[in-house]
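Welcome! Take a look at the model below, and then we can walk through some of its features together.

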Amino acid sequence: MTNGTGTTQITETPEWKALAEHHASMRGVHLRELFAADPTRGETMTCEAGDLYLDWSKNRLTAETIALLVALAERAGLRERIEAMFGGERINVTERRPVLHVALRAPEGASILVDGQDVVPEVHAVLRGMAAFAERVRSGVWLGVTGRPIRNVVNIGIGGSDLGPAMAYEALRDYSDRSRRFRFVSNVDGTDIWEATADLDPAETLFIVSSKTFTTLETLTNAHSARDWLLGKLGGGEEAVRHHFVAVSTNADEVARFGIDPDNMFGFWDWVGGRYSYDSAIGLSLMVAIGPRRFREMLDGFRVIDEHFRGAPFERNLPVLLGLIGVWYGDFFGAETHAVLPYSQYLERFPAYLQQLDMESNGKSVTLAGDPVSYQTGPIVWGQPGTNGQHAFYQLIHQGTKLIPCDFIGFCQPHHAMGDHQDLLMANLFAQTEALAFGKTAEEVAAEGVPDWQRPHRVFPGNRPTSTILATKLTPGTLGQLVALYEHKVFTQGTIWNINSFDQWGVELGKVLAQRIVPQLEATDEPALDHDSSTNTLIRRYRRLR
């Protein structure tokens, strides 16, 4: 079974069956027992790559588990699949495209061929164009139509054209140009664009419209509203649009029709999926915020994990380990969700970014060959920064009835040393993983003098699995490493499940139906409705109450 060419499902392989038998012997084993049997597992079940340190010792597994999972990865053809991706093969089978986000951070001089053409020089040509533009804005050379420099940048996109740059801007805010304001608009709810522009001076505002086709309904609706706002306040017609709008797109005709000078259009390629694209021209707003040098540091961080993923043995490979551990819990323990808990306020948007990366990639129910899967694929991904989550949903993780594997992400050095804040923050991270692993027994609760009637409520079962990722500091390079880590984790799991992690047909159906409903909502006369009774009733009620 390699690259999805056969019809045999992964569950029918000897490696899967060996894991099922192993799980039967492991499912009742507590982490207390595992640490008692091997007191050094917290030192040995660790791995490093670049600036990232992974501790997976607080997971319900042993060295034998890892060996069996690695054998499963080999059976699934993971090594061959990795080489196919890096080699520019068309592994996105439903769209017949290569998958080459790794080319976006390839160094100059590297060579990655698509149909015999080296794409790396094109990537660096776009990066140079982005850098030149970013420096013009940052230095005050780029002027608005009234002759004033740009102080506000509004990125208009949706999905990968929004979540990536918005997440990265928040993550790297401490490296950004604080003399400028950056806003990110994605929701077609008019409130989003209204709030983003309400307090801005249009004479000092630049809009970056990000849409590969320049036809995305939500993005173009927001872009037209932004243009109306600008022209309504400044006048100036097309000349104003040319001074205050640039585009990230591949459709020069539509960009020009909007009024944007095609010379101010930054391109990318169909081998870049939206959720893998913020290190392309989609990240233009980020480059304006942090500058070209920091942006390249981030790309260098991506590349560190790319090279590690491609070359490290699976048992010492951070993305592969995280991916295999996720398969272990999802397909053998039946866990349905996965929490990502960064102990950094700057990573507030990181779980939301990973939701798209993971769930849009691996939310699939057919194999590469189109056969229905008979096993669980992608998890529900969720989370928020610690310590906020501790006072919200950690109760469910600690004492609820659901098994929720968690990734804890922390940094040893703060950006702003304020008293004992950082030590308190990290003490909470370490304490939570310890409490989740070992819990508190009824005997320990009794020894504390808790009355009998209250003891069942004060017991913590423990045996709740966690992985911990530590880095020295959240820098542009570290962020690149973190994102690449999860990109390749998702790839690993998609390969095990023999699904296409690079299409997203599930996004399309609702959008198509919405195009039918819009004219029915806008019709002057009562329209003839041909939906189900629920949808028809909802449309009629909306028309009556709007």
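The model you are viewing is predicted, so local features need pLDDT of at least 70 and side-chain atom pairs count only at pLDDT 80 or more, while totals for chains, interfaces and linings use all residues. Residues are numbered from 1 along each chain as its sequence is written, and side-chain values use heavy atoms, with hydrogens and water left out.

H5 covers residues 78-86 and H13 covers residues 292-311; their axes come within 9 Å and cross at roughly 140 degrees. Here the axes are lines fitted to C-alpha atoms over the stretch in contact, and angles between N-to-C directions run from 0 to 180 degrees. Helices (H or I, at least four residues) and strands (E, at least two) are DSSP runs, numbered from the N terminus. On the H5 side, Arg79, Ile82, Glu83, Met85 and Phe86 meet Asp306, Phe309, Arg310 and Gly311 of H13, where contact means heavy atoms within 4.5 Å. Sorted by class, this contact has 4 nonpolar, 1 polar and 4 charged residues. In that sorting, Ala, Val, Leu, Ile, Met, Phe, Trp, Tyr, Cys and Pro are nonpolar, Asp, Glu, Lys and Arg are charged, and the others, Gly among them, are polar.

## Rings that pair up

A pair of aromatic rings is described by the distance of the centres and the angle of the planes. How many aromatic pairs does a search of the whole structure find? There are 25 aromatic pairs, counting rings of Phe, Tyr and Trp (its six-membered ring) whose centres lie within 6.5 Å; planes under 30 degrees apart are stacked, over 60 edge-to-face and the rest tilted. Tryptophan 328 and phenylalanine 333 make an edge-to-face pair, because their ring centres are 5.3 Å apart and their planes stand at 80 degrees. Both of these residues, tryptophan 328 and phenylalanine 333, are buried (buried means under 20% relative accessible area, exposed over 50%, partly exposed in between, with a 1.4 Å probe and protein chains only).

Tyrosine 394 and phenylalanine 408 are also edge-to-face, at 6.3 Å centre to centre and 90 degrees between the planes. Tyrosine 394 lies in helix H16 (residues 394-399) and phenylalanine 408 in strand E12 (residues 406-411), so this pair ties together parts that are 14 residues apart in sequence. Tyrosine 394 and phenylalanine 408 are buried. Ring pairs also link Trp16, Trp328, Tyr329, Phe332, Phe333 and Tyr375 into a cluster.

## Charges over rings

Arginine 41 lies over the face of phenylalanine 35, at 5.2 Å from the ring centre. Arginine 227 lies over the face of phenylalanine 258, at 4.4 Å from the ring centre. To count, NZ of Lys or CZ of Arg must be within 6 Å of the ring centre and within 35 degrees of the ring normal.

Look for isoleucine 499 in the loop between helix H20 (476-497) and helix H21 (508-522). Is isoleucine 499 buried or exposed? With 1% relative accessibility, isoleucine 499 counts as buried. Not counting residues up to four places away in sequence, isoleucine 499 touches several residues, including Arg81, Asn362 and Gly494.

Glutamine 356, in helix H15 (residues 350-362), is buried at 11% relative accessibility. Leaving aside neighbours within four places in sequence, glutamine 356 is in contact with Gly159, Gly160, Leu163, Arg275 and Ser361.

Most residues other than glycine have a negative phi, and most peptide bonds are trans. Aspartate 115 is not a glycine, yet it has a positive phi of about 55 degrees. This aspartate 115 sits in the loop between strand E3 (113-114) and strand E4 (117-118) and, at 66% relative accessibility, counts as exposed. Phenylalanine 214 also has a positive phi, near 55 degrees, but phenylalanine 214 is buried at 2% relative accessibility.

Finally, a cis peptide bond joins glycine 386 and threonine 387, with omega about 10 degrees. Threonine 387 is found in the loop between strand E11 (380-382) and H16.
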